[in-house]
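Hi,

Here is the structure I promised to pass on. Have a look first, and my notes follow below.

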Amino acid sequence: MLDDLGLDAAQEDYSFAFLDEQTKRMVRRAILKAVAIPGYQVPFGDREVPLPPGWGTGGIQVTASIIGRSDRLKVIDQGADDTTNAVSIRRFFKRVTGISTTESTGEATIIQSRHRIPERLLEDAQILIMQTPQPEPMRRLINSEEQARKLHAFARYGLMQVRLYEDIARFGHVAVSHDYPVRVHRRYLSSPSPIPRFDNPKLHRNRALIIFGAGRERRIHAIPPFTEVRSLDFEDYPFEVQKWEQCCALCGSDNSYLDEVLLDDKGSIQFICSDTSYCNDRRVESRRR
Amino acid sequence: MTPISEEILQVEDLNKSFGRLAACRDISFSLHRGEVLGIVGESGSGKSTLLKCLAGMHAPDRGSVTISVSGDRRSLWNMDEAEREQLLPSMLSLIHQNPRDGLRLDVSAGGNISEPLMTSGERHYGSLRSVALDWLRNVEIDPGRIDDLPKTFSGGMQQRLQIARSLVTHPQLVLMDEPTGGLDVSVQAKLLDLLRRLVREFNLAAVLVTHDLGVARLLSDRLMVMQAGRVIETGLTDRVLEDPRQAYTQLLVSSVLQV
């Protein structure tokens with residue numbers, strides 16, 4: 001990857017973690033502001049990184065701005081550590097920082113992720129960075145940015161509730177399965193990035209700092225540790241997470257988010273944990289016993 | 001109409017111009033609970049601009065708009081934008097000439113009626129639903145169409161739906177901009193009946209902007225005639241229409257086709 005850019009490890013004159021120091025400083029300022037105003041989308045200057053927009057450029061820039069020599073990085077794509085995007089982002093940071101990486105949730109200090117929040121509870125010293133395609137939860141309902149910002153400023157979120165109303169009227173339940181809108185610290189309506197609804201409760205009073213980076217949209221928002229995060233709902237239709245009748249075919253877990261996997265051409269299927277690190281840990285543990 | 005009633009709206013010395021064009025000049029009037037004020041005048045006489053100044057959409061250059069909110073008198077253009085945005089829905093609602101401007105066409109009829117309630121914090125689906133059904137009956141739309149999109153409704157139904165959406169939060173003041181424009185005569189008549197009933201039932205104060213003198217005569221208690229941004233004549237509707245004093249009003253009254 002770096003060869004394409006005319007950079008290699010022997011060259012001493014590139015910056016630690018790829019971005020130049022001024023850019024990192026600018027991104028850090030945006031992060032500090034985002035932490036100070038939970039759920040508020042802070043604009044930042046998006047820089048070009050060796051990754052196509054939409055593949056996690058926002059996440060990469062946030063990670064690059066906060067990573068240090070003592071950090072251990074884990075990258076998740078669709079819950080797994082061994083998918084293309086996860087592997088290439090992890091390798092990228094290994095080459096531009098020289099830090100160590102890990103696939104285990106417990107060992108990581110920084111976790112960059114998309115689609116999932118790890119099943120294992122995060123700890124105080126960990127930072128979770130989410131790659132966010134669309135940070136504006138009301139974008140599909142109003143296309144004017146000016147209007148959206150006004151609604152945020154006046155905290156008028158009736159429109160979002162209308163979307164839930166329409167779902168209940170049409171399907172009898174709220175049919176939003178991913179990117180389910182949340183109210184952060186009883187103030188800003190925020191998009192949790194396209195995590196399954198299943199992961200929404202994990203945002204509430206999480207011990208780790210969670211930072212959302214949207215590269216193409218040039219926005220950063222954050223949920224500081226122990227912040228109240230509520231998923232929108234109705235009093236008589238309370239928020240619920242997805243449930244499965246199956247257990248994980250590999251580790252037997254009955255309380256994790258399951259992926260349906262097609263096994264052969266005859267259509268046989270299996271349900272397995274989407275979080276590979278969690279699944280591996282459980283299997284190692286049960287073998288030990 | 002009760003003889004002595006609360007003053008809902010007071011406009012003093014309102015001026016608004018766009019560049020060199022003066023759209024509203026020195027307009028003052030007041031409006032009491034249960035009273036309907038008609039504003040008539042030809043196109044470009046400043047009726048709609050005046051209405052937008054009252055509805056919180058255009059800031060006037062000079063003058064004040066005072067609206068009473070549950071007995072508390074508030075100056076619309078003296079508060080900051082956040083406060084205005086917050087108070088406006090409980091103060092007044094605007095019925096647009098084109099229902100498409102006042103409705104969300106990709107949201108069901110029930111969702112359209114419920115949105116103002118959700119914005120003001122209602123979070124119980126069941127009660128939203130029953131309020132929406134009540135209002136559909138109230139504006140004479142088949143309650144069975146609660147989950148249909150307004151774009152499948154006829155023009156008259158869309159307008160009735162907009163009225164339901166505007167009145168669901170029980171505002172004290174209703175502003176209507178040509179509410180019967182673009183509808184055929186029989187639908188117009190039904191809509192006028194409906195509006196007249198609702199105005200009486202909820203004891204609303206209403207400002208009705210129209211160029212149709214027939215509509216003004218049916219609905220309004222008082223009439224204000226505007227020309228080139230000024231109020232040239234004002235009085236009880238019957239007085240203004242039967243005995244117009246200004247030359248322009250006489251012209252206006254005499255240009256109505258007699259069938």
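How many residue pairs are in polar contact between chain B and chain A? The count is 10, with both residues at pLDDT 80 or more; a polar contact is a pair of N or O atoms within 3.5 Å, where one must be able to donate a hydrogen and the other to accept it, and residues adjacent in sequence count only if both atoms are side-chain atoms.

Some background: this is a predicted model, so local features need pLDDT of at least 70 and side-chain atom pairs pLDDT 80 or more, while totals for chains, interfaces and linings use all residues. Residues are numbered from 1 along each chain as written, chains are lettered from A and ligands numbered from 1 in written order, and side-chain values use heavy atoms, without hydrogens and water.

Back to the interface. Chain B brings 22 residues to the contact and chain A 16 (heavy atoms within 4.5 Å). Together they bury about 1800 Å², 60% of it from carbon and sulfur atoms (accessible area lost on being put together, 1.4 Å probe, summed over both parts). On chain B's side, B:M118, B:R123 and B:Y125 lose the most area, together 39% of what that side buries.

There are also two salt bridges across the interface (a Lys or Arg side-chain nitrogen within 4 Å of an Asp or Glu carboxyl oxygen). One of them pairs A:K150 with B:E81, with the closest N and O atoms 2.9 Å apart.

Cheers

Definitions and conventions: Buried area = accessible area lost by both parts, 1.4 Å probe.
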